[in-house]
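Here are my quick notes for you, as numbered points. Keep the picture open while you read.

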Amino acid sequence: MIGSGPNGLVAAIELARAGLAVEVHEAAEEAGGGLRTAELTLPGFVHDVCSAIHPLAVASPALRDLDVDWVHPDAPLAHPLDDGTAVVLERSLDETAGGLGRDEDAYRNVLKPLLDAWPALVDLRLLRAGRALGIARPLAALEAASTFARKRFREERARALFAGNAAHSMLPLERRPSASVGLALLTMGHAVGWPFPRGGASRLTDALIERLSDLGGEVRVSSPVDELPAADVVLADVAPRELVRIARGRLTARYERDLLRYRHGPGAFKLDWALSAPIPWRAPEAARAGTLHLGGTLEELSRSEREPWAGRTAERPFVLLAQQGRFDPSRGQTAWAYCHVPNGSGEDMTERIEAQVERFAPGFRELVLARHAMGPASFEEHNRNLVGGDLNNGAIDLGQVFFRPARRAVPYRTPIRGVYLCSAATPPGGGVHGLCGYAAARLALRDLRGLT
């Protein structure tokens, strides 16, 4: 295994479970990829270096039975508005719908079929899920988020709630299939919540390494791989261009060209804060949520999310904030937030992010004891898979949803026998779910059995 992110560790576990001797090589001094925890600000304040909130992890069949102490805030999400209220995503579908005024029935009609199909979706029984959903829902998911929200909801509260979830796609909200991300995250909020590991994201990495060790596998840190090793099976949890580097000319010319053409999305600029007290939200209901979406209405979010794709930073960026310290005392009073910026941007967004927090929580800045910033260059230095600060390891527009990372019948196989790509640049894409590694490892095992 090359790389010890969640996809790499899940793939290693599947191979070890099948009886193979498995070694995981990680270039960094610490395993985990985007699942790492550190005292970034002050001693005693524990921060997630990259990924923080994990609905995909608790939903994933590759991760959901790990021994992790999950923290579930009172509500998964709140979206504050300038009138001093907040739209709240509750675990209950009915309670969420009840807070949406004239859009109560419309929201319930959109989400209930997805929740009914959830057991089949989460167990990857896609045919049964398709029957439960009919054809209308999958086609609607391929819409642009702004189109979807305006067609189905009449009031700003429901539109804003949907837009904030869809903006996790890092796509302009006028671009397809941004609606699919909004639908998926809202569904998971009701089905499994948006929790995080007590003590930090690295607890999830620790649980994966413990399982691999129990199966006889080994993780080697500070162990960079600069060429493909000699092994029966090599799985690479790396960005496409990194595979080109490691392969050193052994890939076919066409495949190498496709990997080098792989498109990355916007980058991220992230802040971590050590605070003297919890964030003083103007809307009391915002204090109940683990995650906050800060950016106002659908129209405002649409403007801000357009900017990074045009090579500009937004003056009032959409900010995704997690207040883990409010619900997990073991971390200290911490919070974490980021916004989207052009890929590779060097602009400091500290002032603009904090202005958005202050907009909905007056007095916030007075509570900041220390802050730590990471821009796109810092993200890529921390993890070479985060090219230009792209947290999804590739744009998830229509072309790269269906053809990721290249136009091949089986996306995980490479032209080199026994070498597979298993990073988030393969289906189903970004997020902490391990399914890219799981699918690649299962394919590698089938291929290996066919050869013996």
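1. Start with the nonpolar surface patch: Val401, Phe402 and Phe403 make one of about 280 Å². For a nonpolar patch, residues need over 30% relative accessible area and no salt bridge, with side chains (Val, Leu, Ile, Met, Phe, Trp, Tyr) joined within 5 Å. Areas come from the Shrake-Rupley method with a 1.4 Å probe.

2. A word on the source: this is a predicted model, where local features need pLDDT of at least 70 and side-chain atom pairs count only at pLDDT 80 or more, while totals for chains, interfaces and linings use all residues. Residues are numbered from 1 along each chain as its sequence is written, and side-chain values use heavy atoms, leaving out hydrogens and water.

3. Back to Phe403, which sits in the loop between α16 (398-402) and β15 (419-421). Its relative accessible area is 35%, so Phe403 is partly exposed (between buried, under 20%, and exposed, over 50%).

4. There's a negative patch too, formed by Glu30, Asp67, Asp206, Glu210 and Asp214; like charges are joined within 9 Å. Look for Glu30 in the loop between β1 (23-25) and β2 (37-38). Glu30 is partly exposed, at 37% relative accessible area.

5. Now for helix α1, residues 6-17: its 12 residues reach 16 Å from first C-alpha to last, close to the 16 Å expected at 1.5 Å a residue. Helices are DSSP runs (H or I) of at least four residues, and strands (E) of at least two.

6. How many residues of α1 are buried? It's 11 of 12, including Pro6, Leu9 and Ile13. Just after α1, Gly19 takes a positive phi of about 100°.

Terms used
The expected span of a helix is 1.5 Å times one less than its number of residues. Buried means under 20% relative accessible area, exposed over 50%, partly exposed in between (1.4 Å probe, protein chains only). A salt bridge is a side-chain nitrogen of Lys or Arg within 4 Å of a carboxyl oxygen of Asp or Glu. Lys and Arg count as positive and Asp and Glu as negative; His and the chain ends are not counted. The place of a charge is taken as NZ of Lys, CZ of Arg, CG of Asp or CD of Glu.
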